[in-house]
Amino acid sequence: MQSLYAYEQAKKANFLLAEEMIEEHFAPDLNSMEVQDRTKLKGLAKLGIHLLHEEFAVKPSEEDFSAPAEVKDAVRSAKQYCTTKNRADFEQIGLRSLKEADKVFEIYFKLLNLYLVLADLSKSDKNHEGKSRLSDLKLLQELEADKDFEVQALRMDCSWEDEKDFVRELYNKAFVGNARYTEYCEKVNHTVEEEVALIKYIVKNVFLKHEVATSFFEQYHIYWTEDKDTLRAMVSHTFQNYQEDGALSIAKANDEWLERREFLRTLFKETVNRQDEYVQWVLPKLKNWEYERIADMDKILLYMALVEFQEFSSIPVKVTINEIIEIAKMYSTPKSGVFLNGVLDKLSKEMLADGRIRKSGRGMLDNK
């Protein structure tokens with residue numbers, strides 16, 4: 001969603017540059033010895049910009065605009081520039097969105113490694129003489145000894161070697177004097193359940209909430225706020241089942257993750273590529289709403305929903321609509337949820353009836 005929003009903003013910027021191209025084309029030539037008809041040039045520039053707007057309009061005017069060849073040439077060049085820039089931004093932002101998604105795994109391993117470097121610092125903490133400390137956790141010892149984790153962490157370059165100052169500051173401010181950690185360390189022997197509870201406490205209250213950690217990760221990862229709950233779940237799951245399985249559940253970029261990655265790629269690509277088509281589906285459903293006044297985020301969410309309706313047969317229509325409404329509550333206007341629910345409800349019923357939506361499995365049952 002954020003990548004799509006970034007792309008829409010890039011398109012607006014490209015359009016403004018295209019307008020400037022037309023204005024510059026008809027700007028007075030200050031080096032010319034001939035008299036410049038500034039009023040005429042200004043009028044030609046205004047006409048050219050108007051024609052450019054018509055080229056990209058959702059609902060072009062039915063009026064037939066005649067224009068001098070010079071104006072048509074200027075508009076053609078500006079449109080080509082805008083289209084080329086949009087295509088380049090589409091490729092760049094789409095690729096970046098996948099890289100940012102892949103970065104979730106990198107940060108996951110970096111967080112696991114953070115436990116280990118913090119545990120290493122705890123070994124020299126004189127406040128814990130005769131008490132237990134982070135380095136005594138059996139689960140962290142198992143993690144450190146796990147060869148698969150070591151190989152993957154090296155492959156993803158998840159070392160904290162270049163961030164030693166951050167690690168030490170985090171330890172001094174988040175662990176030294178921390179009542180929860182101090183209470184845990186007062187006891188020497190701990191059960192696996194107690195170790196898991198401490199590890200979960202650390203990821204929730206230190207890695208995700210402490211100001212030192214959040215300041216670092218917000219700069220390290222642009223989507224930290226959106227991804228942190230996912231990372232918390234991944235880290236917790238790594239240790240959760242140790243008591244039953246006797247092994248850590250270290251996540252891998254397996255087929256399931258590759259499938260999710262493909263989902264993101266398809267959602268981004270199709271939302272952009274099918275926008276002109278989807279606009280024509282949406283316009284008839286906008287009773288009492290003007291398309292130009294709809295928030296950019298709402299437009300994006302509408303198109304994302306339509307892509308999910310058509311491209312992902314296993315996702316129930318109701319699930320898509322509910323998720324879109326929840327996203328709108330967090331990122332769009334107060335009235336967006338009601339607006340999106342109304343439009344998507346009408347569209348989904350129509351599309352199910354005429355076969356544009358074909359769901360299978362659980363999705364089909366949920367849509368009956």
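Biologist: What percentage of the contacts in the protein with a separation of 6 or more comes from residues 24 or more positions apart?

Modeller: This is a predicted model, in which local features need pLDDT of at least 70 and side-chain atom pairs count only at pLDDT 80 or more, while totals for chains, interfaces and linings use all residues. Residues are numbered from 1 along each chain as its sequence is written, and side-chain values use heavy atoms, without hydrogens and water. A contact means heavy atoms within 4.5 Å. Among contacts with a separation of 6 or more, the share from residues 24 or more positions apart is 76%.

Biologist: How many helices and strands does the protein have?

Modeller: Both are DSSP runs numbered from the N terminus, helices being H or I of at least four residues and strands E of at least two. The protein has zero strands, and its helices number 17.

Biologist: Why is the protein described as more spread out than a compact globule?

Modeller: The globule rule is 2.2 Å times the number of residues to the power 0.38, and the radius of gyration is taken over C-alpha atoms. For 368 residues the rule gives 21 Å, so the protein is more spread out than a compact globule, its radius of gyration being 28 Å.

Biologist: Is Cysteine 185 buried or exposed?

Modeller: Buried means under 20% relative accessible area, exposed over 50%, and partly exposed in between (1.4 Å probe, protein chains only). Cysteine 158 has a relative accessible area of 1% and is buried. Because the relative accessible area of Cysteine 185 is 0%, this residue is buried.
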